[in-house]
Amino acid sequence: MIQTRNEEKGISQCLAALADFDEVIVVDSNSNDRTVELAQEAGARVVNFTWNGAFPQKKQWQLENVETRHDWLLMLDADEYPTPDLITELASIADDPAEERVAFDLPIAYYFAGTRLEHGHRVVKRSFLRRGENAFCNIDLLHLPGMGEVEAHYQPRPSGPVGRTTALLVHNDADPVRTWFDRHNRYSDWEAYLRNHPETRNSVRASKSRQGRRFDAVPFKPLVFFLYSYLLRRGFLDGRAGFDYALALSTYYWQIGLKSRELARVERGEPGTEPAKEHNHG
């Protein structure tokens, strides 16, 4: 199942990689470009989703409302696609009647500004799910500025053990790099709010991967992350792209800290501060 909204730039690449799957479903949010047309031409079934502003958001809505022929679901964004090795590995998992795990974390092969990163910081995404055994929980985030129809960056909660694949899921965004900064500026708003509201932050932390929970607790995060990604994880071997990525994410964590401190001053009612105006981020 691929979630889309105006993804004509990347949807064809994604769908081309899914030719070996028995069923491909595109869950589209009223795209006004050629996303739906391209998906149908590729043989995918298209289901429309119109968000009502409440829970469930798009990923959980798919799990609750989109009928599928199989119990194992690979949930993708339009800028993601499995490698051939990953397809083989997922097929073996789905075909194993003795499989007790109910979800799998997929390590990401990440492209930044058009360059594939072979080193540096690596992330995983819980994207292969056994139907009925996983859920994106209702975390108190919908009131945040810029929060939209898709759940924020947290993992679905499983009802049983979780595995991790060896093969990779590719993330290759065809949009200009400025959209990366646009998204992360919005994400930093959410993260700043979470830092200042421990109860909500703990709910989100419980839905993160083990790696995400560990990193969430690291102090001096901008500096630590740069050193970790660029030096310890040898991001320098990716050349300029490795430096750009490490610096960009370090700046993102710096934004979170800066916004968190500003929000704390606002919530304390210090002179010269006022709540930020909400903007529609689409």
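Mentor: A definition comes before the fold: helices (H or I, at least four residues) and strands (E, at least two) are DSSP runs, numbered from the N terminus. This is a predicted model, in which local features need pLDDT of at least 70 and side-chain atom pairs count only at pLDDT 80 or more, while totals for chains, interfaces and linings use all residues. Residues are numbered from 1 along each chain as its sequence is written, and side-chain values use heavy atoms, with hydrogens and water left out.

Trainee: Okay, how many helices and strands are in the chain?

Mentor: The chain has nine helices and 13 strands.

Trainee: And what percentage of the residues count as buried?

Mentor: Of the 282 residues, 46% count as buried. Buried means under 20% relative accessible area, exposed over 50%, and partly exposed in between (1.4 Å probe, protein chains only).

Trainee: Moving inside, how many residues has the largest nonpolar core?

Mentor: It has 57 residues, and those with the most contacts inside it are Ile2, Leu15, Leu106, Phe128 and Leu141. The largest share of this core, seven residues, comes from helix α9 (residues 239–268). A nonpolar core here is a set of buried Ala, Val, Leu, Ile, Met, Phe, Trp, Tyr and Cys residues joined through side-chain atoms within 4.5 Å.

Trainee: Now the rings. How many aromatic pairs are there?

Mentor: The count comes to 15 aromatic pairs. Rings of Phe, Tyr and Trp (its six-membered ring) pair if their centres lie within 6.5 Å; planes under 30 degrees apart count as stacked, over 60 as edge-to-face and the rest as tilted.

Trainee: Why is the pair of tyrosine 230 and phenylalanine 236 called edge-to-face?

Mentor: Their planes are at 75°, so the pair is edge-to-face, with the centres 6.2 Å apart. Tyrosine 230 is buried, at 19% relative accessible area, and phenylalanine 236 is partly exposed, at 39%. Tyrosine 230 also forms an edge-to-face pair with phenylalanine 243, 5.7 Å centre to centre and 75° between the planes. That pair links distant parts of the chain, with tyrosine 230 in helix α8 (residues 221–232) and phenylalanine 243 in helix α9, 13 residues apart.

Trainee: Which residues do ring pairs link into a cluster?

Mentor: The cluster holds Tyr110, Phe112, Trp180, Phe181 and Tyr245.

Trainee: You mentioned salt bridges. How many does a search of the whole structure find?

Mentor: The search finds 15. A salt bridge is a side-chain nitrogen of Lys or Arg within 4 Å of a carboxyl oxygen of Asp or Glu. One of them joins aspartate 22 and arginine 69 (3.1 Å, N to O). Both aspartate 22 and arginine 69 are exposed. A network of salt bridges links Asp22, Glu23, Arg45 and Arg69.

Trainee: And glutamate 149 with lysine 58, where do they lie?

Mentor: The side chains of glutamate 149 and lysine 58 meet in a salt bridge of 3.7 Å, N to O. Glutamate 149 lies in the loop between β10 (134–135) and β11 (157–158) and lysine 58 in helix α3, so the pair ties together parts that are 91 residues apart in sequence.

Trainee: Is that lysine 58 buried or exposed?

Mentor: Lysine 58 counts as buried, at 1% relative accessibility. Glutamate 149 counts as buried too, at 14%.
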